[in-house]
Amino acid sequence: MYPFSYQRATDLAEALAALRADPQARLLAGGMTLLPSMKHRLAAPSRLIDIARLPALRGIGLDGNALVVGAATRHGELATDAQARTALPALAHLAGLIGDPQVRARGTLGGAVANNDPAADYPAAVLACRAKIETDRRTIDADDYFQGMFTTALEADEIIVAVRFERTRRAAYRKFAHAASGYAMTGVFVAEFDDGVRVAVTGAGPCVFRWQAAETALTRDLSAAAVASLTLPADGLNADQHAPASYRAHLAALMTRQAVADITGASA
Ligand SMILES: Cc1cc2nc3c(=O)[nH]c(=O)nc-3n(C[C@H](O)[C@H](O)[C@H](O)COP(=O)(O)OP(=O)(O)OC[C@H]3O[C@@H](n4cnc5c(N)ncnc54)[C@H](O)[C@@H]3O)c2cc1C
């Protein structure tokens, strides 16, 4: 490590002021991404502003047709929250698939959504559930939020306060996890609303994306048959030491079929 200072903010205003006072400062939530990045010298903030315990960022609750989850909610808390499991069970299920018990005990929704790792799980739920990202100054639609690999619509000094997930009629998330880390080699979230079906794919490309051909087919007919022969073009998908693009394309179709089977109760 190298020298840096640490500050535990007591409220949102203090965190924002500290962030603005030092352009090299970074917010610290669960530290599950930021601290390894610092250890590997990929990040070198001068100051860590700890927001993990801010009351404004805590809590899970219903507001109209939305499940509102505070940014500092840990993955393990969301996975086991009774209200979340009833209101949006696919989201709670997804949270329970992240990493391992240690990661779920520390990592937060806000940290994951701010980081926008291409293999992270939450972005698929945020995009499929047409969530709204509430920050200290505005509300950003999921369709406008994810902009590329590790890139979002957030300003450098902007803090995510909560994420509003629209409740679905039915939904399911399936991922093919990397055997060591648990990150999504490819994960697919299928969400059915009164006015159609949304399908979001994570892990396969540089950034989470909607699979429009699958959405069209499933909006017409939410059944295994509707996606049985659907294939995702491999162009532009990730190819690395873990898998070629063609394999990720295959996984996207397979995870979609499995998620649809979870929704309909048929076999994939
Ligand atoms: C071994 C391991 C396995 C993992 N497996 C998975 C997995 O299977 N699936 C998965 O999705 N993820 C996985 N992760 C990542 C994990 O979910 C992290 O918790 C998450 O990506 C970052 O959340 P955090 O709260 O730890 O954020 P931090 O590491 O504290 O912060 C990450 C970034 O977000 C910023 N930030 C944090 N909170 C906010 C906020 N409220 N507003 C604005 N910016 C903010 C920070 O400044 C920093 O830049 C894994 C991590 C590890 C170490």
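Biologist: In S12, which residue is the bridge partner of Tyr173?

Modeller: Strands here are DSSP runs of E with at least two residues, helices are runs of H or I with at least four, and both are numbered from the N terminus. Two strands pair if DSSP finds at least two bridges between them. The partner of Tyr173 in S12 is Phe189, and that of Arg174 is Val188. This is a predicted model, in which local features need pLDDT of at least 70 and side-chain atom pairs count only at pLDDT 80 or more, while totals for chains, interfaces and linings use all residues. Residues are numbered from 1 along each chain as its sequence is written.

Biologist: Over how many bridges do S11 and S12 pair?

Modeller: S11 and S12 (residues 184-193) pair over 8 bridges, in the antiparallel sense. Their hairpin has 6 residues between the strands, and Gly182 there takes a positive phi near 90 degrees.

Biologist: In what order do the 4 strands form the open sheet?

Modeller: The order is S11-S12-S13-S14, with antiparallel pairing. At the edges are S11 (170-177) and S14 (209-210), each pairing on one side only.

Biologist: Why is S12 largely enclosed by the rest of the structure?

Modeller: A residue is buried if 20 or more other C-beta atoms lie within 10 Å of its own, exposed if 12 or fewer, and partly exposed in between, with C-beta atoms placed from the backbone. S12 is largely enclosed because 8 of its 10 residues are buried.

Biologist: Which strands does H12 touch when it packs on the sheet?

Modeller: Contact means C-beta atoms, placed from the backbone, within 7 Å. H12 touches S11, S12 and S13 (196-202), and its direction makes about 40 degrees with that of S12. Such angles run from 0 to 180 degrees between N-to-C directions, and the axes are lines fitted to C-alpha atoms, for helices over the stretch in contact.

Key
Contact = placed C-beta atoms within 7 Å.
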